[in-house]
Amino acid sequence: MRTLPTYTGDIGGEAIGETLLHEHLFVRQPEVDRALPDVEWDEDRAVHEAVAHLDALHDRGVRTVVDLTVPGLGRDAVLVARVAERTRMRLIAATGWYTHDVLPAYFRLNGPGRLVDGPEPLIELFIGDLTRGIHGTGVRAGVLKVVSDVDGITDDVARVFAAAAVAHQETGAPVFTHSHSPSRGGLEQLDVLERAGVEPHRIVIGHAGDSGDLDYLEELAARGAFLGFDRFGMEHAAPDAQRVAVLLALLEQGLAERIVLSHDAAIHSRMTPPSWRRAHAPRWTMHHLHDRILPLLREKGVGDDEIRTMMRDNPRHVLMGPGNEGR
Ligand SMILES: [Zn+2]
């Protein structure tokens, strides 16, 4: 039976509880940070802020947070482990590679049939993270993350998807995506992953909730994938008012079992630093769903059972896989 690795030990399905499936603790750019220091970064303060924010989220009822920060986004599992030791929140690590288009130059020259011919390093990385633990820690990743954006499935993006599918087959870990909704990118992601043998109910199409296109979302749901309404508070990607209206329309069709909710927020991000967030996206935090969006949904007639389905049952289903869910 599959158990779920977390930063603080393995758990069974019954322990997962309310879950945010798409968040970030620390998004950094090590190469940039070394050349052009991040003036808003203070490591001890960042750990302290993360613990306080996650404990306050635990007070709101959330028990598990998936940190989808993978290599390419400056994943630092040693630092996240410091947070995990101090917070009541259970944290899950991800493996994968974040790129919208091309991989770092290393990968061009290393891999099967390349100048430095050898096994696919992405497969070694993903399976190593999932089965032995992330470098420098004993912490195993619990999920895979893949990315495609406005450029679609480029050659390098296809390479990441293929490696993730192999790692999924080998370990049973689910596949979470970052998708580009304006170009209906989730459909192509599903095509590629399904062809590689990943079943749709083990896939979350991330950022599907950026879309206002009901036909697109209904098609994703009909194919059996989970739709990530995972950017609440990220008004610069799509307004919350649109996300709520679209979500209500899908719930009206009885699709709660295909939807998961989250924020794609971060404790600290080099891309959109804390000073920018305070000025331009003050509600974009991991508390926003519980403080504003869930009460609004209840006001609009959404039942506690539907909220439980989206916040607890669906995350458990996608994280654990069929037959491993506990109760
Ligand atoms: Zn994200």
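Student: By class, how many nonpolar, polar and charged residues does the lining of the largest pocket have?

Tutor: The model is predicted, so local features need pLDDT of at least 70 and side-chain atom pairs count only at pLDDT 80 or more, while totals for chains, interfaces and linings use all residues. Residues are numbered from 1 along each chain as its sequence is written, and side-chain values use heavy atoms, without hydrogens and water.

The lining of the largest pocket has nine nonpolar, four polar and six charged residues (Ala, Val, Leu, Ile, Met, Phe, Trp, Tyr, Cys and Pro count as nonpolar, Asp, Glu, Lys and Arg as charged, and the others, Gly among them, as polar). This pocket holds about 450 Å³ of space. It is lined by 19 residues, and those closest to its centre are Glu-49, Ala-266, Ile-267, Pro-274 and Arg-278. At least two lining residues come from each of helix 2 (43-59), strand 13 (266-269) and helix 10 (274-280) (helices are DSSP runs of H or I with at least four residues, strands are runs of E with at least two, and both are numbered from the N terminus).

A pocket is an open set of points on a 1 Å grid over the protein atoms alone, with protein on both sides within 12 Å along at least five of seven lines; a cavity is a set where a 1.4 Å probe fits but cannot get out, and lining residues have an atom within 4 Å of a point. Points are joined across faces, edges and corners, and a volume is the space filled by probe spheres set on them.

The second largest pocket has a volume of about 350 Å³. Its lining consists of 13 residues, with Pro-30, Pro-71, Gly-72, Gly-74 and Trp-97 closest to the centre. By class, this lining divides into seven nonpolar, three polar and three charged residues.

The structure holds one cavity of 30 Å³ or more, and about 50 Å³ of space lies in the largest cavity. Strand 3 (18-27), strand 9 (175-178) and strand 12 (259-261) each give at least two residues to the lining of the largest cavity. That lining is made up of Leu-21, His-22, Phe-176, Thr-177, Val-204, Gly-206, Gly-228, Asp-230, Val-260, Leu-261 and Ser-262. Five of the residues lining the largest cavity are nonpolar, five are polar and one is charged.
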